Amino acid sequence: MKIFLVLAVLNGFLSVALGAFGAHGLEGKVSEKGLEQWGKAVDYQMFHTMALFITALLMSKVQTGAITGAGWFFFVGILLFSGSLYIYAPTGIKTFAMITPIGGLSFLIGWVLLGYAVIKHV
């Protein structure tokens with residue numbers, strides 16, 4: 001439980017900091033499309049930061065591998081989805097754009113595992 005709370009706090013901080021950097025530090029330095037991609041990375045990082053908090057809170061009530069797995073998939077999704085967009089947006093290197101869907105798939109798996117755990121155990 002504690003690891004997901006710590007990861008959520010760190011990711012919450014980072015998503016706010018990176019959002020501010022994108023809004024103020026990248027303006028005029030990257031294309032509009034790049035700024036949109038940066039914004040999407042920030043949004044998905046924050047959404048899944050909240051998912052990490054929910055996961056940690058559920059773990060205090062129910063101990064099951066599905067909830068733990070969901071938390072790790074959310075975290076890996078943040079790294080792969082948001083992380084790849086944070087690199088792709090300012091550089092345009094397409095290799096990083098190809099990583100983004102793997103992060104999206106990780107998010108989806110996390111939500112399925114969390115849903116299963118809630119239906120089965122809560």
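## Close-up views of a predicted helical model

View 1. Thr49 has its place in helix α2, which covers residues 32-61; helices (H or I, at least four residues) are DSSP runs, numbered from the N terminus. This is a predicted model, in which local features need pLDDT of at least 70 and side-chain atom pairs count only at pLDDT 80 or more, while totals for chains, interfaces and linings use all residues. Residues are numbered from 1 along each chain as its sequence is written, and side-chain values use heavy atoms, with hydrogens and water left out. Thr49 counts as buried because its relative accessible area is 0%, where buried means under 20%, exposed over 50% and partly exposed in between, with a 1.4 Å probe and protein chains only. If neighbours within four places in sequence are left aside, Thr49 is in contact with Ala8, Asn11, Gly12 and Ile78, contact meaning heavy atoms within 4.5 Å.

**View 2. Helix α3 and the residue after it.** Helix α3 is formed by residues 65-91, and its 27 residues reach 38 Å from the first C-alpha to the last, close to the 39 Å expected at 1.5 Å a residue; the expected span is 1.5 Å times one less than the number of residues. Just after α3 comes Gly92, which takes a positive phi of about 75°.

**View 3. Helix α4 and its buried residues.** With 28 residues, α4 reaches 42 Å from its first C-alpha to its last, close to the 40 Å expected at 1.5 Å a residue. The buried residues of α4 include Thr100, Gly103, Phe107 and Leu114, and the buried residues of this helix pack against α2 and α3. Val112 also has its place in α4, but Val112 is exposed because its relative accessible area is 60%. Although Val112 and Gly12 are 100 residues apart along the chain, their C-alpha atoms are separated by 22 Å.

**View 4. A nonpolar surface patch.** Phe73, Leu105, Leu108 and Ile109 make a nonpolar surface patch of about 340 Å². Patches are made of residues with over 30% relative accessible area and no salt bridge, like charges being joined within 9 Å and nonpolar side chains (Val, Leu, Ile, Met, Phe, Trp, Tyr) within 5 Å; a salt bridge is a side-chain nitrogen of Lys or Arg within 4 Å of a carboxyl oxygen of Asp or Glu. Helix α4, residues 94-121, gives the most to the nonpolar patch, with three residues. Ile109 lies in helix α4 and is partly exposed, because its relative accessible area is 31%.

Note on methods:
Areas by Shrake-Rupley, 256 points an atom, 1.4 Å probe, with all protein chains shown as cover. Helix = DSSP H or I, 4+ residues; strand = E, 2+ residues; numbered from the N terminus.
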